Amino acid sequence: MRFALLLAVFALCCAIFPPAIHAQSGLPPAPYAYRQLDDPVQEAAARNLMAELRCLVCQGQSIADSDAPLAGDMRSDVRERIAAGERPAEIRQWLIDRYGNWVTYDPPIEGDTIALYVLPLLALLGGLFIVIRRLRPAKQGDGAP
Amino acid sequence: MSNNQAARRNWLLWVPLGVVVILAAMFIWALRHGDDRLIQSHWIDKPLPAFDLPAAAADRPGLASRNFGDGQPRLLNVFASWCIPCRVEAPTLAELQRRGVIVEGVAIRDRPEDLARFLGELGNPYHAIGADERSQLALALGSSGVPETFLIDGRGVIREQIQGAITPDMVPDLMAKLERMR
């Protein structure tokens, strides 16, 4: 029974996300695609940035999570630029200039992204309002029947 | 509490369920039909980034940004021998070249022997082919896959990006656009 259920879930997943078949390059990965920087501080900065950059060919994954060759090229690019002294914010902006805010999971606050930041706050305020109203002592004549 | 108020409270109880159902319907719809469009480059109407790529094929020179901006509009075709739609568009690129369009190539992550086989099989419409072994020019152009074709005007400014294979029905439109970009 449990196995049949698992199978059904798997079949559903395959129907919703058909497995993509990508032709791949025969070239080896870029030098720093799978190699850490020697300086742990620089490597940590590179990792932080890689985790918030979106993979261009496997949308929904970060370049830190993806094994696509292009994601490897982007990781190597990020590590080499950080090793050369570029700041993470500059690298992120370089990519935003080319791919738009879509490329980062931490988009700047602008006209089309403001809802992302404001809506959760509004929901929280709305919830607080409801809770406070509920917790307020009942007025005379408004008690439970 | 009056009956009227109680009825209103009962009705309100269904609101969260309604919200969840509407959200679930939106999520399922988005998963099935959703956002799988290609990501357009934002590096349009801007000059080509400076680059200088080594030759990818034995019988063609490499490609550098200084090759552009000589008054001649060009196509910049981003391709690879391992890319299947690139095979599909090869005859159309050849037709464009026959009609006098200058087609420049950038081979992404390609091995020389694979590229030589690809060009031997499908013909070589390229004026020059640069080897972009680590997708660096692709990233600088805002390109997110192969094949992609950029229309570069006579001043070396990127005017348009076409994602996916060039098909024969696009040829007249491309010729007219390039003619206007002199």
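## Elements of chain B

Helices (H or I, at least four residues) and strands (E, at least two) are taken here as DSSP runs, numbered from the N terminus. In this predicted model, chain B holds six helices and eight strands. Read from the N terminus, the order of these elements is α-α-β-β-β-β-α-β-α-β-α-β-β-α.

## Overall dimensions

Chain B has a radius of gyration of 25 Å, whereas the globule rule gives 16 Å for 182 residues; the chain is therefore more spread out than a compact globule. The C-alpha trace of chain B spans about 90 × 35 × 30 Å along its principal axes.

Of the 182 residues in chain B, 37% are buried. Among contacts in chain B with a separation of 6 or more, 78% are between residues 24 or more positions apart.

## Domains

Chain B is divided into two parts: domain 1 covers 3–33 and domain 2 covers 46–180. The centres of domain 1 and domain 2 of chain B, taken over C-alpha atoms, are 52 Å apart.

## The six-stranded sheet

Six strands of chain B form an open sheet in the order E1-E8-E7-E4-E5-E6, and the pairing is mixed. At the edges are strand E1 (46–47) and strand E6 (128–132) of chain B, each of which pairs on one side only.

Within this sheet, strand E4 (residues 74–79) of chain B pairs with strand E7 (residues 148–152) of chain B in the antiparallel sense, over five bridges. Opposite B:Leu75 stands B:Leu151, a residue of E7(B).

Conventions
Residues numbered from 1 in each chain as written. Chains lettered and ligands numbered in written order. Predicted model: local features only at pLDDT ≥ 70, side-chain atom pairs only at ≥ 80, totals over all residues. Pairing = 2+ DSSP bridges. Domains from an automatic or database assignment. Rg over C-alpha atoms; globule rule 2.2 N^0.38 Å. Buried ≥ 20, exposed ≤ 12 C-beta atoms within 10 Å, placed from the backbone. Contact = placed C-beta atoms within 7 Å.
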